[in-house]
Amino acid sequence: MAAPHSLRLNFPEHRLARLSLDRVGKLFVLRAPKRFDAISILYGPPGSGKTRLLGSLCRKILKVSQNKTTQIMRASDFCQSLRDAEMANRDDFETLQKQLIDLDLLVLEDIQLLKPREADILARILDERTASRNLTILSTSIAPGQLTKFSYRFINRITSGLILELPALGPESRLLFLERKLESFGTKIETQALEWLAGLVEGSMRRLQSVCNRVHSMVRTLGRPLKRSDLEKLFATPGHLKKAISVESIASKVGKHFRITPKSMQTRSRDKEIVLPRQIVMYLARRLTGMSLQEIGEFFGGRDHSTVLHACKKVEDEIGNNISLSGTIRQLEHDLA
């Protein structure tokens, strides 16, 4: 069964950050250089929806101003592209550096993963972009004040503008997310059970997505609506809900089953022994982690979202036609859950 489309819900915890970014976008489109901060930073825990919110901002800007040049990428990939160009030759490096400086909007995600030296390289680029009044938005899962491994110069640059928090969801928003997501699956669950689950699970949307997938899988297995006692059995392990399933753990489990390394699945190899396990990891990552197609593709060497979607559909088709493979995937899913 194909996963339903992503929910588009506006949570009160995210209202301030969403409205503030919309205002930045509008002022930026109007080219009001004295009325918007050239650098903004968005921080929140993993899975809180930072990538989704920033992607939405980019789409809104391009919709009303198609001549704007925008790019969204991981901060580590940004620095790696500069290093690669510098190693190739000086002209390539200077050309790429100018292109990055001249971008109207540059969104860099996960700056907390940068090495101190990479952060210093980025600081120089930010200085140039600020002087040109081009908009840069950064995201991090750690509050700016806790990025202590970076130099004062870098911290001073990134905190000079607008700082926005995207907090984890509260109980009422978690309940709303679970209700709507399970409803989109066509999954029935008793109200009391749903309220209990919303009070138990943490506020990460990625984690909530993973929980919904597990609940949906159990409903399919039992063939009836779930009660609270069912959920208590499903999430019986202490701290289980706080341990999110990662694509890395899925790749490790699938690799062990097929006797290949996770690293081999991240290559461009088209060998049959590699292709099927890779597709299974993509399928399970989409079902169990709540990651976007783009995020899953990035784990596999930057593959396009359409490649991931094709892999998921391929596995779904195989599950319907191959009893042995269906059993293998169900066992892998059970072990991971």
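Predicted model: local features only at pLDDT ≥ 70, side-chain atom pairs only at ≥ 80, totals over all residues.
Figure 1. A polar atom of its side chain lies 2.8 Å from the backbone oxygen of L126. When neighbours within four places in sequence are set aside, T130 is in contact with A38 and I39. The C-alpha atoms of T130 and I101 are 9.0 Å apart in space, with a separation of 29 residues in sequence.

**Figure 2. N134 in the loop between α5 and β4.** The loop that holds N134 runs between helix α5 and strand β4 (135-140). N134 is buried, its relative accessible area being 6%. The side chain of N134 reaches the backbone oxygen of I101 at a distance of 2.9 Å. I101 is itself one of the buried residues of α4, the helix shown in the next view.

**Figure 3. Helix α4 and the elements that cover its buried residues.** Helix α4 comprises 13 residues, 90-102, and reaches 18 Å from its first C-alpha to its last, close to the 18 Å expected at 1.5 Å a residue. Its buried residues are F93, L96, L100 and I101. They cover an arc of only 135° around the axis, which places them on the same side of α4. D91 and K98, on the other side of the helix, are exposed. The cover over the buried residues includes α3 (75-88), β3 (105-109) and α5 (116-131). At the N-terminal end, α4 is capped by N89, with a side-chain oxygen 3.1 Å from the backbone nitrogen of D91.

**Figure 4. Helix α15 and its buried face.** At 1.5 Å a residue, the 17 residues of α15 (residues 305-321) should span 24 Å, and the end C-alpha atoms are 25 Å apart, which agrees. V308, A311, C312, V315 and E316 are the buried residues of this helix. Seen down the axis of α15, these buried residues fall within an arc of 135°, so they line one face of the helix. On the other side of α15, the exposed residues H310, D317, G320 and N321 are found. Among the elements that cover the buried residues of α15 are α13 (272-288), α14 (293-299) and α16 (323-336).

**Figure 5. The largest cavity and its lining.** A search of the whole structure finds 1 cavity of 30 Å³ or more. The largest cavity has a volume of about 40 Å³. Its lining is formed by R18, L21, D22, L53, S56, L57 and K60. Helices α1 (15-29) and α2 (50-64) each supply at least two residues of this lining. Helix α2 gives the most, with 4 residues.

**Figure 6. G47 in the loop between β1 and α2.** G47 lies in the loop that connects strand β1 (39-43) with helix α2. The residue is buried, with a relative accessible area of 10%. Apart from its neighbours within four places in sequence, G47 is in contact with S204, M205 and R206. From C-alpha to C-alpha, G47 and V281 are 19 Å apart in space, and they are 234 residues apart in sequence.

**Figure 7. Positive phi at D110 and R259.** Most residues other than glycine have a negative phi. D110 has a phi near 60°, a positive value in a residue other than glycine. D110 is placed in the loop between β3 and α5 and is partly exposed, with a relative accessible area of 23%. R259 likewise is not a glycine, yet it has a positive phi of about 60°. The place of R259 is in the loop between α11 (247-258) and α12 (262-265). R259 is exposed, with a relative accessible area of 79%.

Conventions
Residues numbered from 1 in each chain as written. Heavy atoms only, no water. Expected span 1.5 Å × (residues − 1). Buried < 20%, exposed > 50% of the residue type's maximum accessible area, 1.4 Å probe, protein only. Arc of directions from axis to C-beta. Contact = heavy atoms within 4.5 Å. Polar contact = N/O pair within 3.5 Å; in protein donor to acceptor, adjacent residues only side chain to side chain. 1 Å grid on protein atoms, 1.4 Å probe; cavity = no way out; pocket = protein on both sides within 12 Å on 5 of 7 lines; lining within 4 Å. Points joined across faces, edges and corners; volume = space filled by probe spheres on them.
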